[in-house]
Number of protein chains: 2
Amino acid sequence: MATNISDAFARKLGAFVALSATELDVLSRLHRRRRTFVAGHDLVHQGQSEQAAYILSSGWVCSYKSQPDGSRQIIDFQIPGDFLGLRSILLHTSDHGIEPIVEIEAAEVLRQDLLDAFARTPRLATAVLWAASRDEAMVVEHLVGLGRRNASERMAHMLLELGARLALVGMGDKSGYDCPLTQYHLADALGLSAVHVNRVLRQLREERLVTFRGGHVTFDDYPRLVALADFDPAYLDQMGPMLR
Amino acid sequence: MATNISDAFARKLGAFVALSATELDVLSRLHRRRRTFVAGHDLVHQGQSEQAAYILSSGWVCSYKSQPDGSRQIIDFQIPGDFLGLRSILLHTSDHGIEPIVEIEAAEVLRQDLLDAFARTPRLATAVLWAASRDEAMVVEHLVGLGRRNASERMAHMLLELGARLALVGMGDKSGYDCPLTQYHLADALGLSAVHVNRVLRQLREERLVTFRGGHVTFDDYPRLVALADFDPAYLDQMGPMLR
DNA sequence: CGGCGCTTTGACACGAGTCAAACCAAGTGG
DNA sequence: CCACTTGGTTTGACTCGTGTCAAAGCGCCG
């Protein structure tokens with residue numbers, strides 16, 4: 001079962017650099033402070049200067065930016081093994097909020113500890129830079145979706161991306177996965193209204209492509225869905241280490 | 001004038017870490033291979049594995065992702081002092097293309113040289129990580145715009161952001177700046193059609209907010225434009241070094 | 001039993017896309 | 001020096017995807 005903190009995160013970094021014993025050790029020291037958070041209460045607040053980042057161990061969170069008019073845009077969802085709030089410790093002030101979608105478990109990483117770790121083991125810094133690039137690639141793909149895809153393509157793409165990411169940590173496969181998101185979450189992520197999200201989901205269901213219902217996503221016709229969304233998982237970059 | 005390669009980039013990194021003589025030296029070695037490129041011919045091709053990144057010295061470029069249906073989405077514009085294609089050397093394959101908008105000058109940085117530099121001077125790696133975070137913050141802000149702002153707000157925001165960034169390298173101020181973009185570029189960046197871009201520009205001009213014409217952007221009423229776009233430059237993060 | 005999130009559906013309005021055509025300035029070649 | 005081309009801008013008419021408003025349904029928990 002699994003997804004122990006160190007497992008998921010170290011495994012992820014290990015996909016880029018072959019980590020030495022020392023590096024693994026430094027890494028494991030980074031997640032001594034385990035904490036849990038309840039759903040709906042932000043771990044990181046938009047606009048504040050935070051001292052800490054987190055390595056997510058279990059549960060889902062979303063990072064978002066809220067607008068003065070009350071609407072919000074979800075930047076990305078994070079799942080176990082993901083690093084949260086790197087930008088909020090590197091930049092002076094956090095430009096986004098981070099909210100747990102369900103109850104979560106995470107390891108808190110203080111800014112100074114992280115910077116020290118980088119200074120001590122440069123390859124770790126490079127690995128984190130790689131992981132950050134991979135996350136940015138996802139944000140970029142999301143941006144492309146908002147700019148150039150219509151509602152159903154966006155939805156299909158998002159559901160497929162989540163599926164592919166979950167599959168990497170053993171929480172889903174080509175048949176589907178458990179998904180705690182509400183249609184409001186999807187709306188805020190896809191730049192749509194909740195009402196339209198519902199219409200799109202119905203349409204995808206009626207065309208027997210995907211079913212989103214009762215906290216579960218079922219891929220009814222994976223290949224056709226991939227074609228509709230023009231989904232190419234290359235940007236998730238899960239090939240072997242580049243740096244040995 | 002100015003914007004010598006090393007100047008702009010080193011100055012930028014210096015905003016995050018106070019760079020030592022050694023670090024400055026390593027940095028300057030990174031831009032020995034100066035090259036020029038003509039407008040319209042990609043420096044980096046989408047989907048290829050590239051070995052090199054670039055530090056832009058003069059001119060404008062855009063990074064974009066093109067869709068199978070022929071449309072393209074511009075991710076971001078880069079101006080002198082910006083680092084290009086970090087993702088394309090860290091990830092196995094470049095997920096985006098990079099195209100010069102005018103003739104440009106840039107220093108080529110080979111993957112191995114960059115990784116070696118990181119290994120030798122960890123603080124440099126941290127600084128680059130910071131710069132990458134700052135770039136990501138811009139991409140995120142762009143994403144929010146596509147998801148939650150209408151055409152004129154998006155346009156206003158983009159023109160303001162470019163102005164603020166150019167001001168940081170001494171190429172513009174609150175009165176305006178020179179801008180080599182066509183309305184097609186704006187359309188591809190803002191997720192609009194070129195026709196609609198034109199309508200929006202006309203409207204902003206008629207309301208005496210900004211004028212985009214003849215390769216020059218003039219802010220006719222900066223405060224009111226900021227209000228319309230809800231522009232908060234905090235994410236451009238240009239406060240003093242955090243790491244000394 | 002009552003209430004509160006979340007989902008579902010319908011009717012209507014509007015922002016932005018598409019298509020088509022004209023215009024303009026800057027090159028380019030005869 | 002004048003046609004001609006080409007890339008970019010401008011405008012109008014029409015269409016359509018998505019937002020908005022409103023209301024009902026549904027399950028779950030206190």
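Predicted model: local features only at pLDDT ≥ 70, side-chain atom pairs only at ≥ 80, totals over all residues.
A residue is counted as near a molecule or strand if one of its heavy atoms lies within 4 Å of it, and with that in mind I would like to begin at DNA strand C, which 16 residues surround, the closest being Gln183(A), Asn198(A), Arg202(A), Ala151(B) and Arg199(B). Residues are numbered from 1 along each chain as its sequence is written, chains are lettered from A and ligands numbered from 1 in the order in which they are written, and side-chain values use heavy atoms, with hydrogens and water left out.

Staying with DNA strand C, of its atoms within 4 Å of the protein, 58% belong to sugar or phosphate and the rest to bases. For individual polar contacts, the term means a pair of N or O atoms within 3.5 Å, and within protein one atom must be able to donate a hydrogen and the other to accept it, with residues adjacent in sequence counting only if both atoms are side-chain atoms. On the base side, a polar side-chain atom of Arg199(B) is found 2.9 Å from a base nitrogen of DNA strand C.

Which elements supply this surface? Helices (H or I, at least four residues) and strands (E, at least two) are taken as DSSP runs, numbered from the N terminus. At least two residues each of the surface near DNA strand C come from α7 (183-190) and α8 of chain A and from α8 of chain B, and α8(A) gives the most, with 4 residues. By class, where Ala, Val, Leu, Ile, Met, Phe, Trp, Tyr, Cys and Pro count as nonpolar, Asp, Glu, Lys and Arg as charged, and the others, Gly among them, as polar, this surface has 5 nonpolar, 7 polar and 4 charged residues.

Turning to DNA strand D, 16 residues surround it, and the closest are His196(A), Arg199(A), Gln183(B), Asn198(B) and Arg202(B). Of the atoms of DNA strand D within 4 Å of the protein, sugar or phosphate accounts for 59% and bases for the rest. A phosphate oxygen of DNA strand D lies 3.2 Å from a polar side-chain atom of Ser193(A), a base nitrogen lies 3.4 Å from an N or O atom in the side chain of Arg199(B), and a phosphate oxygen lies 3.3 Å from an N or O atom in the side chain of Arg213(B). Two or more residues of the surface near DNA strand D come from each of α8 (194-206) of chain A and α7 (183-190) and α8 (194-206) of chain B, with α8(B) giving the most, 4 residues. The residues of that surface divide into 5 nonpolar, 7 polar and 4 charged.

As for annotation, UniProt positions are given in the numbering used here, feature names are shortened, and annotations may be inferred rather than shown by experiment. An unreviewed UniProt entry places "domain: HTH crp-type" at residues 149-223 of chain A, a span that is 55% helix and 17% strand, with its end C-alpha atoms 18 Å apart. The UniProt record, again unreviewed, lists "domain: Cyclic nucleotide-binding" for residues 15-90 of chain A, where the chain is 20% helix and 36% strand and the end C-alpha atoms are 23 Å apart.

Let me now look at one pair of strands in chain A, where pairing requires that DSSP finds at least two bridges between them. Strand β3 (residues 61-66) and β4(A) run antiparallel and are joined by 6 bridges, with Ser63(A) standing opposite Asp76(A) in β4(A). The two strands form a hairpin with 5 residues between them, and Gly70(A) in the turn has a positive phi of about 95°. Is strand β4 (residues 72-78) of chain A mostly covered or mostly open? With buried meaning under 20% relative accessible area, exposed over 50% and partly exposed in between (1.4 Å probe, protein chains only), 7 of the 7 residues of β4(A) are buried.

Finally, taking a disulfide as a pair of cysteine sulfur atoms within 2.5 Å, the count over all chains is 0. Cys62(B) is in no disulfide, and the nearest cysteine sulfur, that of Cys179(B), is 12 Å away. Cys62(B) is buried, with a relative accessible area of 0%, and Cys179(B) is likewise buried, at 2%.
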